[in-house]
Amino acid sequence: MEFLLSEADQLIQQSARRVAQEVVKPRAADVDESGEYPEDYFQAFKRADLLGITLPKAVGGADAGTLALTLAVEEVSKYDCSAGLMLLLSSLSTHTIKFFGTEQQQQDFIGPIARGERKGAFCLTEPDAGSDVAGLKTRAVRDGDDYVITGQKCFISGGPIADQVVVFAKTEADNPRSLNAFVVDTDMPGFEVTSVDRKMGVRGVPTGVLTFDQVRVPRDRLVGLEEGMGMKGPLTTLNSLRPVVGARGVGLAEGALTYALDFARQRRAFGGPIADLQAIQMKFAEMAIDIEAARLLVYQGSWMVDQPDFGPSKAHYLSVAKAYATEMANRVASEALQVLGGQGYMMDHPLERHYRDARQLMIVEGTSEVQRVIIARALLDRNLVYP
Ligand SMILES: Cc1cc2nc3c(=O)[nH]c(=O)nc-3n(C[C@H](O)[C@H](O)[C@H](O)COP(=O)(O)OP(=O)(O)OC[C@H]3O[C@@H](n4cnc5c(N)ncnc54)[C@H](O)[C@@H]3O)c2cc1C
C-alpha cells in the first residue's frame, strides 16, 4: 500500500494551489454575490492545463488520472466550491464519450473541452426523473441517418453557458435498455435554455432547464455509434466522478476549518483568545478527524477508478467516499461557522457561503440516500463483505 503522491500528482496539486490562491481566493465572495459565471477562473484553469486532467492525451488532455483531478478540485474548493465544480465539469461532460465513444468522437467532442476551447454539460436529470434514471422520458427517434431528440432536462450544471452537451435519451419509449447518449451543440435548432435557476449556493456555476424540441443530430453524434448503451452509460460516468464530488467537500471543509482556526486565534473572550478554550479546541479536533477520514476515502476511491477492475463491483466504495465526504463537509461547514459566533452568519466572512455551498453536495450526482441504496445492495449481494 502506497500513500505517497507521485511527482506528477504533486505538480498538478501545486499548480491548482497557485491558481486557487492567486485567482479564486480573491474573487470567491464577488462571484457568489453576483452569481455570474467566473470566466477568469476558467481562463486561469486553461492556462494551468487543469481542464483536461482525466482526458486522453491523444486529444489534448493530460491523462493524469482521477486522483490528480481530485487533488486539483480539493485545492480550488478550499476557497470556492463553484471552482471545484468547474474542474469537475470538464470530466462530467466528456466521460461518457471517453468510456463509450469512438476515437473520432473523442477527437471531435472531448478535444475542444480538454483544451479549454469549449464548455460542456451533462444532461441526465428531468423534471419527472432524477434518482430514478430509468424513468427518464426524453426520446431520440431515428429518422434516416439522423436522430430527432425531444425532451426536457433540469438542474443542469453549466447548461446555460455550455457550447455542447451530452444528453441521455431513450430510442424506445419506456425501455431503459434503449437509453443512449448524444452530443448536441447548443446552437443547434430546437435547443433552448428555458430558464436559469435561482439557487442557494454554488452560485458561480449556473444551472437551468434545457429544452430539446425536435433537435436533429446526425448519427455520428450517437455516442459509440451503436444503440444500446443502456444504464451503464450514465452510471459508469457518475461512478467515475463520485470521489471527485467528495473532493469538493474535502476542500471546502479544509478551507472552512483553516479560516475558523485563524479567527479563533484572534477573537478574544473571557480574557483570552477563544482558541484557548477547550470547548473550541475539541470542535477543531473533531473537524480534523472528520476531514482526514474523508480525505483518505476520497483518495482511495479516486485511485480505484483508475484501476483496470473499475466497474459495478467497486461502485459501493465510490458511494461510501461520496456520501461520507459530502456529509462531512456539511458538518464541518456548520461547526466552523459556529466558531465565528454571530460573525459566522454574516457575509463579511466566507463561512456562511461554505455552509450554503456544502448543502448542494449531498444532492448532486446521486443523493446521500441513493448512495446508501448502492451500499446496502452491495452488502446484501455479498459484493461488500467483511470475512
Ligand atoms: C445544484 C444542482 C446541480 C445539478 N447538476 C446536475 C447536472 O449537471 N446534470 C444532471 O443531470 N443533474 C444535475 N442535478 C440533478 C441532481 O442530480 C438531482 O437533483 C438528484 O439526482 C436527485 O434527483 P431529484 O432532484 O429528481 O430528486 P428525487 O429523485 O425526486 O428524490 C427526492 C428525494 O427522495 C429520495 N429518494 C429517491 N429515490 C430514493 C430511493 N430509491 N431510496 C431512498 N431515497 C430515495 C432522494 O434521495 C431525495 O431525498 C443537479 C442538482 C442540483 C441541485
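The structure is a predicted model. Its chain contains 11 helices and nine strands. Along the principal axes, the C-alpha atoms occupy a box of roughly 80 × 55 × 40 Å. A compact globule of 387 residues would have a radius of gyration near 21 Å, and the chain, with 21 Å, agrees with that expectation. Of the 387 residues, 50% count as buried. When contacts between residues at least 6 apart in sequence are considered, 74% of them join residues at least 24 apart.

The domain assignment divides the chain into domain 1 (7-114), domain 2 (120-221) and domain 3 (232-380). The centres of domain 1 and domain 2, taken over C-alpha atoms, are separated by 22 Å. Where these two domains meet, 18 residues of domain 1 are in contact with 15 residues of domain 2. On the domain 1 side, at least two residues each are supplied by α1 (7-34), α4 (81-92), α5 (95-100) and α6 (103-114). Helix α4 provides the largest share, six residues. In terms of residue class, this side of domain 1 has 11 nonpolar, five polar and two charged residues.

Helix α6 deserves a separate description. Its buried residues are Gln-105, Phe-109, Ile-110, Gly-111, Ile-113 and Ala-114. The cover over these buried residues includes the helices α4 and α5 as well as the strands β1, β4 (164-170) and β5 (179-185). Just after α6, Gly-116 adopts a positive phi of about 75 degrees.

Strand β4, which is part of that cover, may be considered next. How many residues of β4 are buried? Seven of the seven are, so the strand is largely enclosed by the rest of the structure. In a regular strand, side chains alternate between the two faces of the sheet. In β4 both faces are covered, with Gln-164, Val-166, Phe-168 and Lys-170 buried on one side and Val-165, Val-167 and Ala-169 buried on the other.

Strand β4 is paired with two of the strands already named. It runs parallel to β1, to which four bridges join it, and Phe-122 stands opposite Val-166 of β4 in this pairing. With β5 the arrangement is antiparallel and comprises seven bridges; here Phe-168 stands opposite Ala-181 of β5.

A further antiparallel pairing links strand β2 (residues 139-143) to strand β3 (residues 146-157) through five bridges. Within this pairing, Ala-140 has Ile-149 of β3 as its bridge partner. The two strands form a hairpin with two residues between them, in which Gly-144 takes a positive phi near 65 degrees.

The description ends with the ligand. Which residues are closest to it? Of the 23 residues that surround the ligand, the closest are Leu-124, Gly-130, Ser-131, Thr-367 and Glu-369. The elements that contribute two or more residues to this shell are β1 (120-123), β3 and α11 (368-380). By class, the shell comprises 11 nonpolar, eight polar and four charged residues. Domain 2 (120-221) and domain 3 (232-380) each contribute at least three residues to the shell.

Terms used
Residues are numbered from 1 along each chain as its sequence is written. This is a predicted model: local features need pLDDT of at least 70, side-chain atom pairs count only at pLDDT 80 or more; totals for chains, interfaces and linings use all residues. Two strands pair if DSSP finds at least two bridges between them. A residue is near a molecule or strand if its C-beta atom, placed from the backbone, lies within 6 Å of it. Ala, Val, Leu, Ile, Met, Phe, Trp, Tyr, Cys and Pro count as nonpolar, Asp, Glu, Lys and Arg as charged, and the others, Gly among them, as polar. Domain bounds come from an automatic or database domain assignment. The radius of gyration is taken over C-alpha atoms; the globule rule is 2.2 Å times the number of residues to the power 0.38. A residue is buried if 20 or more other C-beta atoms lie within 10 Å of its own, exposed if 12 or fewer, and partly exposed in between; C-beta atoms are placed from the backbone. Two residues are in contact if their C-beta atoms, placed from the backbone, lie within 7 Å.
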